[in-house]
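Got your viewer open and a selection tool ready? Let's take a walk through this one, stop by stop.

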Amino acid sequence: MSGQAFAVAALPGADRRPVWLHLAVLVLLFGLQFVLPAYDHGNVTRIMILASYAMGFNLLLGYTGLMSLGHAMFFAAGLYGAGLPVYYLGFDPFSAFAAGVAAGGFLSFGVGLIALRTSGVSFMIVTLMFAQACFLLTLYFNGITQGDQGLVLDLSAWSWDVGSEDGPLSLISPPIRYNLALLLFALCLLVSLLLVRSRIGRVLVAIRENEARVSMLGYHSFRYKLGSLMLSGTMSAAAGATYALLFSYVGSTFAGIQYSILPLLWVLLGGQGTILGPLLGTALMFYLVDVSSEYSSSYMLIVGVALVLLVLWFPKGILGTVRQKWLPWLP
Amino acid sequence: MSLGPHLLLAFLEGTVSAFVLALTALGLSLVFGVMRIVNVAHGEFFMLGAVLAYGFSSLVPGLPALGFLLALILSPLAVGAIAWSADRLVLARLNYNPEATIVATIGMLYIIEQLVLTIYGPDAHPVQPPISFRILFPWFGYSGYKLVVVAASGMLLLTTWYLLMRTRIGLVMRATQLDRETAQNFGIPVARVYSLIFALGAALAAVAGVLVVPIQQAHYLMGLDPLLLSFITVIIGGLGSLRGTLIAAFVIGLSDGMFSVFFSGTLSKIIATLLVALVLVFRPSGLFARSAR
């Protein structure tokens, strides 16, 4: 009863502004591919996939209040879950994608069952440890994964006839890549948007704000947190699987600690607990590193300084601040 | 070689890494125990100690012992000063919020790593051991310097213990650890104690880095392993318990030595990492801590 009342009060059903805003962003991204120069076209493809990963991370951090330092294991689960079957078993891209997503789902379920027994700093360290064990596993099974060196997938057989003058387009041709990445991004965006505007999403936000009170209201908070972690891990794995298939490469770098820190950075920059924050943060950081690397190679310095500055003076991120000051309806 | 000598070698290697690990982990444990924050940049302080040791010791060419002694004194001081200013500039302003400080120390990790890479370069550099002396066992010769490492670490551990348990500064630190607000009410400058602890923790890691550099060479990426091992140690030993940290350091150092002589190093790391995660889940106060606080 109380849950129902809570949900109705929290959802202004008449407000369609968020829906229009996010549809407009998707339309803009679709339109961009016809005007972007080739170099940026490739960049935006990559940004959309990485932003999907960041969106998965943000579901957990921004909307449930759980900071994981081991999300690279989910990204890598998708990457290897999709890549290895293609390399060794000749899976087609769609089954491979499904395998990658399933790998992420199972892994996040198992990790969640164990790690969610802790909270706060312990949760961060436990997820970090699990991710490190996964990273070491990719090195240990060097004979299968080729470790750091990685595997290059052969996906040349997969192509579509989309009526282009150059004949059928392969899976890794730029326009196909761009639109598949956009498809993934749109899917993640809509799932996130639906979730956070639903009753379940409200419960998750309530857990973030005060878990004890949510339990007292009769919610089984562990189940909600597990569900949130699974959705977050599965979304990250979907991004990983897409990355493997569209860029035809699988390697242990993507399982390393760095790839757990990056989504944290992107989400903090864009604004945790906002739907579009991950995209904004990923894009800004991507271009910041890209532009600065023309002058110097101090990529890590930028990441480090950005993290310190964000946490010191800008903890809500860009869209979090925008929401606080001007657009209170931003989801 | 047969089993006996193998065991002896594993034991010696394990003892050396146990002492180095105890120093590093003690720093992390001290910072966690008193300030209640997890310092992810701890491994980078270890690395800074090693890299600065290379810098200082090359100031005195031709006299390895003197150069090394110089490094052993100056590197920890320099690293302590860096940590002290990092605490003043960043951590204190965050009011030591646990999650924000983790993000901030991750930032520091990247900043330090990149600065070292830019200034010092990507190559590993050796530092000559201060003594060149080999102990000859019937089966193999063993570096005498490694025993110096053991002795020096042992002395430093004792000194730290004395500082904490028998001096006024230690009393103040322990009081701050026990109850920050009451300590403040009794006129203890908690902010200064925190900076001091953070600097001391970093300096301990730096000493370990200096001691290791004649064995391992200094390299800008060498901080990650000591960081993870220290995490493991501190967690198994019980968060914030210094005695537990020491016991755990010896258990882990010795078993690490044994494992990497007899089995694959990667496999032992995987098992250790998973075990530790499970310890933190099922016994959050650690294996050796008497009670959770």
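Here is the tour, starting with how to read the labels.

Keep in mind that this is a predicted model, where local features need pLDDT of at least 70 and side-chain atom pairs count only at pLDDT 80 or more, while totals for chains, interfaces and linings use all residues. Residues are numbered from 1 along each chain as its sequence is written, chains are lettered from A and ligands numbered from 1 in the order in which they are written, and side-chain values use heavy atoms, with hydrogens and water left out.

**Stop 1: where the chains meet**

Color chain A and chain B separately and go to the contact (heavy atoms within 4.5 Å). Chain B puts in 39 residues and chain A puts in 37. Together they bury about 3300 Å², with 86% of that on carbon and sulfur atoms; buried area here is the accessible area (1.4 Å probe) that two parts lose on being put together, summed over both.

Now select B:Val103, B:Tyr110 and B:Gln114: this trio supplies 19% of the area that chain B buries against chain A, more than any other three residues. Then show helix α4 of chain B (98-120), which gives 15 residues, the largest share of chain B's side of the contact. Helices are DSSP runs of H or I, at least four residues, strands are runs of E, at least two, and both are numbered from the N terminus.

Which classes of residue make up the side of chain B that touches chain A? There are 30 nonpolar, five polar and four charged residues. Between the two chains you'll find zero salt bridges (a side-chain nitrogen of Lys or Arg within 4 Å of a carboxyl oxygen of Asp or Glu).

**Stop 2: into the core**

Select B:Phe45. In the largest nonpolar core, which has 193 residues, B:Phe45 is among those touching the most other members, along with A:Phe185, A:Leu264, A:Leu307, B:Met35 and B:Ile106. Such a core is a set of buried Ala, Val, Leu, Ile, Met, Phe, Trp, Tyr and Cys residues joined through side-chain atoms within 4.5 Å. Leaving out residues up to four places away in sequence, the contacts of B:Phe45 include B:Val79, B:Ile112 and B:Phe198.

**Stop 3: a buried serine**

Next, pick B:Ser230 in helix α9 of chain B. Buried or exposed? B:Ser230 is buried, at 0% relative accessible area (buried means under 20%, exposed over 50%, partly exposed in between; 1.4 Å probe, protein chains only). A polar atom of the B:Ser230 side chain sits 2.6 Å from the backbone oxygen of B:Pro226.

**Stop 4: salt bridges**

Over all chains, the whole structure has five salt bridges. Start with B:Lys269 and B:Asp225, whose side chains meet at 3.5 Å, N to O. The two are 44 residues apart, B:Lys269 in helix α11 and B:Asp225 in helix α9 of chain B.

Hop to chain A for A:Glu211 and A:Lys225, with closest N and O atoms 3.1 Å apart. A:Glu211 is partly exposed at 29%, whereas A:Lys225 is buried at 6%.

**Stop 5**

Most residues other than glycine have a negative phi. Select B:Arg36, in the loop between α1 (3-35) and α2 (42-57) of chain B: its phi is positive, about 60 degrees. Finish at A:Ser248, where phi is also positive, near 50 degrees, in the loop between α11 (221-247) and β4 (249-250) of chain A.

Notes
Nonpolar A, V, L, I, M, F, W, Y, C, P; charged D, E, K, R; others polar. Polar contact = N/O pair within 3.5 Å; in protein donor to acceptor, adjacent residues only side chain to side chain.
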